[in-house]
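This report describes the fold, the nonpolar core and selected residues of the chain shown below.

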Amino acid sequence: MEKTEIVIKDIVGSANWIQVADGAKVYDKILLALKAGSEVVLSFAGRTFVITAFLNAAIGKLYNGQFTDADLAHLSYANTEVSDDEKIQRVVANAKVYYKNNPQFRDKLFKREVEA
């Protein structure tokens, strides 16, 4: 399986990751790589500051039902600090609960992405 490293700082162009729109850019890169069947390594190298709103857009949205747990097992993280790991875990846990409890939203979101 091909390995794809995605360096967030290269996509965002900054060490401060606070904009949801920037998180969406990262999500788009992850989405393409996972759909291509790649092992995805998301690198936090060069990060100064990150907020969960950014991570929700970049990572949380991956849990909207379009991927299986097996697919998402091909996503890993590099160059993180303990605080990053805690935020990632919180974002993933919250996303799983959110999308599980909001199937109409999940279905509408997935339909919109398929049509795009």
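The secondary structure of the chain amounts to six helices and five strands, where helices (H or I, at least four residues) and strands (E, at least two) are DSSP runs numbered from the N terminus. Read from the N terminus, the order of the elements is β-α-β-α-β-β-α-α-β-α-α. The model is predicted: local features need pLDDT of at least 70 and side-chain atom pairs count only at pLDDT 80 or more, while totals for chains, interfaces and linings use all residues. Residues are numbered from 1 along each chain as its sequence is written, and side-chain values use heavy atoms, with hydrogens and water left out.

Of the 116 residues in the chain, 35% are buried; buried means under 20% relative accessible area, exposed over 50%, and partly exposed in between (1.4 Å probe, protein chains only). Among contacts (heavy atoms within 4.5 Å) between residues at least 6 apart in sequence, 83% join residues at least 24 apart.

The largest nonpolar core contains 28 residues, and those with the most contacts inside it are Leu 42, Phe 54 and Leu 62. Such a core is a set of buried Ala, Val, Leu, Ile, Met, Phe, Trp, Tyr and Cys residues joined through side-chain atoms within 4.5 Å. Two or more residues of this core come from each of α1 (8-12), α2 (20-35), β3 (39-43), α3 (52-58) and α5 (82-101). The greatest contribution, six residues, is that of α2. Leaving aside residues up to four places away in sequence, Leu 62 touches Tyr 27, Ile 30, Leu 34, Phe 67, Leu 72 and Leu 75.

Helix α2 has 16 residues and reaches 22 Å from its first C-alpha to its last, close to the 22 Å expected at 1.5 Å a residue; the expected span is 1.5 Å times one less than the number of residues. Its buried residues include Tyr 27, Ile 30 and Leu 34. After α2 comes Gly 37, whose phi is positive, near 85 degrees.

Two further residues are set out by location and accessibility.

Tyr 98 and Gly 60 are 38 residues apart in sequence, and their C-alpha atoms are 9.6 Å apart in space.
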